[in-house]
Amino acid sequence: MSALNLVGMLPSQLEDLAVELGASRYRGRQVATWLYRKGVVDLALMSDLPKDFRAALAARAVAALPEVEQATPSQDGSRKLVFRLADNARVSAVVMPDDGRITLCLSTQVGCGYACAFCLTGTMGLTRNLDAGEIVGQLLAANASLPAGEHVTHVVFMGMGEPLANYAALVQSLRVLTDARLGLGYSPRRITVSTVGLVSGIERLGREDLKVNLAISLHAASDAVRSALMPVNRAWSLDALMAAVRAYPLAPRQHVFFEYVMLDGVNDAPEEARRLVRLLRGVRAKVNLIPFNDWNGSRFRRPPLPRILAFQSILLEAGVTTTVRWSKGEDIGAACGQLKEPAVA
Ligand code: SAH
């Protein structure tokens, strides 16, 4: 990742680079337009750039997307993309068409260091952070893989890795995604960043004025249960987490999302649902119950459907908006918590 990658640079940084190469800022804006507006990554195809500028650019930088090594369609219409990165590491992203939307779930790290007990990615440990080019590159590559005229409409940072543990690259990629002038131009309301609960990161993200949606992987409503499932809870308890959530700036109709993986006999008791209601009191919350997705060697099971629905009812009756989210791509190892790609030998 040593060569400078134009993909992932902010439009303003591309303008600065153009000046550094002896051209006008306008040339940098043209490059941004090609990359982010037209989805053209090949410098040779950027036909309105003067030849000498293109040569200077090519001598200084590359424009590269992660290589799509494999694209696996699921029965349910979603598709898993496995990317091979420049150092041969692999990450995956999932394209999920639904109801006129196309949502991309993308990765921010190779592996993950947080070791949640129910998550397959968590068994890998952390290999490294992705850079902004590799994060934005997943989106550009996903768009390129879609039929002409279609593009990703919503982006969720819910693939491999912990977004807030790769803070600088996360924020850089969010700025490229939301830059309305020369970037990808996504409304921040169509972007969701999910976190295991890194309190300092939530506070920092709130100060960036990015206005993206925040999702919290909660998974329990008491510290005892949460600490047993998620080691991160020993560093930041539910009290600290909820304080950071309450301080996160929200637009008038914006909500904070809470993911709650349903684990049989672990966190699915009616009492835990009532505790969850109390925990969320006064928070503009939407809860997504995610029935556990199985993987080889896991020690958890999905609760029977009636138990999931009973849990949901308690929340609904207390006025908490709650949906059961059946993950996409379970048949292709692309569902929540199932992403794990072997490194290239
Ligand atoms: N690290 C971030 C981003 C990953 S989002 C985070 O934790 O929020 C992926 C979501 O899937 C998280 O809510 C995660 O806890 C959940 N998940 C992990 N393993 C799962 C499994 N086996 N079944 C269902 N959901 C799972």
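This is a predicted model: local features need pLDDT of at least 70, side-chain atom pairs count only at pLDDT 80 or more; totals for chains, interfaces and linings use all residues.
Local features require a pLDDT of at least 70 and side-chain atom pairs a pLDDT of 80 or more, whereas totals for chains, interfaces and linings use all residues. Residues are numbered from 1 along each chain as its sequence is written, and side-chain values use heavy atoms, with hydrogens and water left out.

Ile308, Phe311, Gln312, Ile314 and Leu315 are the buried residues of α10 (buried, under 20% relative accessible area; exposed, over 50%; 1.4 Å probe, protein chains only). These residues lie on the same side of α10 because they cover an arc of only 155° around the axis, taken from the directions from the helix axis to the C-beta atoms. The face turned away from the buried side carries the exposed residues Pro306 and Glu317. Just after α10, Gly319 adopts a positive phi of about 90°.

The ligand is surrounded by 21 residues, each with a heavy atom within 4 Å of it; among the closest are Ser194, Asn293 and Gly337. A polar side-chain atom of Ser217 lies 2.6 Å from a ligand oxygen atom, and an N or O atom in the side chain of His219 is 2.6 Å from an oxygen atom of the ligand.

Terms used
Helices (H or I, at least four residues) and strands (E, at least two) are DSSP runs, numbered from the N terminus. A polar contact is a pair of N or O atoms within 3.5 Å; within protein, one must be able to donate a hydrogen and the other to accept it, and residues adjacent in sequence count only if both atoms are side-chain atoms.
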